[in-house]
Amino acid sequence: MPAVIRHDWTREETLALFDLPFPELLHRASLVHRERFDPTEVQVSTLLSIKTGGCPEDCAYCPQSARYSTGLKAEKLMALDDVIAKAAAAKAAGATRFCMGAAWRSPKDKDVAEVAKMVGAVKAMGLETCATLGMLKPEQAASLKVAGLDYYNHNLDTAPEFYGDVIKTREYQDRLDTLEAVRTAGLKTCCGGIVGMGETREQRAGLLQTLANLPEHPGSVPINRLVQVEGTPLHGTALLDPFEFVRTIAVARLMMPASMVRLSAGRNEMSEELQALCFLAGANSIFYGEKLLTTGNPDVEADQALFARLGLKPMAVVEESKTVHADIVCPAPQAA
Ligand code: SAM
Ligand code: DTB
Ligand code: SF4
C-alpha cells in the first residue's frame with residue numbers, strides 16, 4: 001500500500017525524518033519514490049525570464065530586486081514572438097514543460113492579458129505551461145487558467161518563522177493567499193523553497209512541514225539551493241552541507257509522496273555525484289536549459305550525458321485523463 005498522503009505533519013515528526021541516519025533516510029525515500037513513480041524517469045522543465053529585473057520586492061536572495069546592485073539590467077516584458085521562439089527551442093531540446101517567470105510583486109491586469117497570450121501559444125505547441133508572476137488576484141488566476149495555464153509557481157521559500165529575515169515587503173500570508181487563489185482557479189501548484197540561506201535544520205523542517213500541510217500537496221515541489229549572487233544581501237552566506245541538501249530532498253519525497261520533487265536552482269554549483277544522490281533521494285524533476293531566470297544552469301549536452309550515464313530518461317507528459325491527483329490516496333494493488 002503506498003504511503004498515505006498526510007496534511008497533519010508535526011515539526012517533531014519532520015525533524016525526526018531529518019535526523020534519520022543518512023542510509024536509512026535515503027532507503028525510505030527511495031521506497032516511497034518507487035510506489036508512485038518510475039525512479040528512472042525525470043520530468044524536465046525549461047525556464048524563461050519574460051520580464052527581467054527592476055522588481056520592487058526586497059527578497060534577500062534575488063538578483064532581480066531593484067534594491068540591490070547586482071549588475072542586472074532591467075528589461076521590459078518580452079515580445080510574444082520571442083517567447084514562442086524560446087519555447088520551440090526548449091521543446092526541440094526535449095523539455096516537456098515551459099515556465100515563464102516575471103520579476104513582478106504582482107502583475108497588473110494588462111500584464112496578465114499579455115502573459116495569457118504567451119500561455120495560449122506555448123500550450124498550443126504541445127508543452128505543459130507554467131508561470132510565476134508574483135501575487136495573483138483570484139480573477140487573474142482564473143483568466144490564466146482559461147488561457148491554458150497548467151501550473152502556477154509560487155514558492156513559500158522558507159519556514160514562517162524565518163520569512164521576515166529574508167523578505168520584509170510582503171507577508172507569509174500573502175503567499176498562502178495567492179496559492180489559495182491558484183487552487184480555486186483549478187490550476188496545479190508548483191510550490192517549494194530555497195535552502196542554504198542561513199536557516200537552521202528546524203527551519204528547513206518548517207518549510208517542508210508547511211508545504212506538506214497545505215490543503216493540497218503541490219503538484220511540483222522545487223527545492224532550490226541558494227544561488228549566491230554578488231550584491232544580494234545573502235551573498236557570502238555559509239554554504240549548506242551538501243548532505244543536508246540531499247536530506248531535504250529525501251524528507252520532501254517522504255512527506256509529499258505523489259508530488260514531483262524538483263532538484264531546482266543550484267545545480268550548476270553541484271557535482272554530478274551530488275545530483276545523482278538527489279535522484280536516489282527521490283528527486284524526479286529538474287530545470288533543463290543553460291539558464292534558470294538570470295543565472296546559469298548546466299548545458300543541455302551535459303544533462304543529456306548525465307542522464308545517459310545514470311540510465312535516466314525524460315518523463316513523458318501525463319495526459320490529463322490519466323493524471324493521479326497528488327492528493328488522491330492510491331488504493332493498494334490487488335493480489336493477482
Ligand atoms: N517574482 C515572482 C515571485 O517572487 O514569486 C516570480 C519570480 S521569482 C524569481 C521565483 C522564485 O525564484 C523565488 O520564489 C525563489 O524561490 C527563486 N529564486 C530567486 N532567486 C533565487 C536564488 N538566488 N537562488 C535560488 N532560488 C532563487
Ligand atoms: C523555482 O523554484 N526556481 C526557479 C523557478 N522556480 C522560477 C527560479 C530560480 C531562480 C534562480 C536565480 C536566477 O536565475 O535568477
Ligand atoms: Fe521580485 Fe520575485 Fe525576485 Fe522577490 S523573488 S525580488 S518578488 S523577482
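By class, the residues around ligand 3 comprise six nonpolar, one polar and two charged members; here Ala, Val, Leu, Ile, Met, Phe, Trp, Tyr, Cys and Pro count as nonpolar, Asp, Glu, Lys and Arg as charged, and the others, Gly among them, as polar. This is a predicted model, in which local features need pLDDT of at least 70 and side-chain atom pairs count only at pLDDT 80 or more, while totals for chains, interfaces and linings use all residues. Residues are numbered from 1 along each chain as its sequence is written, chains are lettered from A and ligands numbered from 1 in the order in which they are written, and side-chain values use heavy atoms, with hydrogens and water left out.

**View 1. The surroundings of ligand 3.** Cys55, Glu57, Cys59, Tyr61, Cys62, Ser65, Ala103, Trp104 and Arg170 surround ligand 3, each with a heavy atom within 4 Å of the ligand.

**View 2. The salt bridge between Glu57 and Arg105.** The closest N and O atoms of Glu57 and Arg105 are 2.9 Å apart. In a salt bridge, a side-chain nitrogen of Lys or Arg lies within 4 Å of a carboxyl oxygen of Asp or Glu. Glu57 belongs to the loop between strand E1 (41-51) and helix H3 (80-93), and Arg105 to the loop between strand E2 (97-102) and helix H4 (109-124), so the pair ties together parts that are 48 residues apart in sequence. Helices (H or I, at least four residues) and strands (E, at least two) are DSSP runs, numbered from the N terminus. The whole structure contains 19 salt bridges.

View 3. Ligand 1 is surrounded by 17 residues, the closest being Tyr61, Asn155, Asp157, Arg175 and Val227. Polar contacts are pairs of N or O atoms within 3.5 Å. An oxygen atom of ligand 1 lies 2.6 Å from a side-chain N or O atom of Asp157, and a nitrogen atom of ligand 1 lies 2.9 Å from a backbone N or O atom of Val227. Of the 550 Å² of accessible area that ligand 1 has on its own, the protein covers 90%; such areas come from the Shrake-Rupley method with a 1.4 Å probe.

**View 4. Polar contacts of ligand 2.** Among the 13 residues around ligand 2, the closest are Asn155, Asn224, Leu293, Thr294 and Thr295. Polar side-chain atoms lie 2.8 Å (Asn224) and 2.7 Å (Thr294) from an oxygen atom of ligand 2. The protein covers 88% of the 410 Å² of accessible area that ligand 2 has on its own. The shell of ligand 2 has seven nonpolar, six polar and no charged residues.

Conventions. A polar contact is a pair of N or O atoms within 3.5 Å; within protein, one must be able to donate a hydrogen and the other to accept it, and residues adjacent in sequence count only if both atoms are side-chain atoms.
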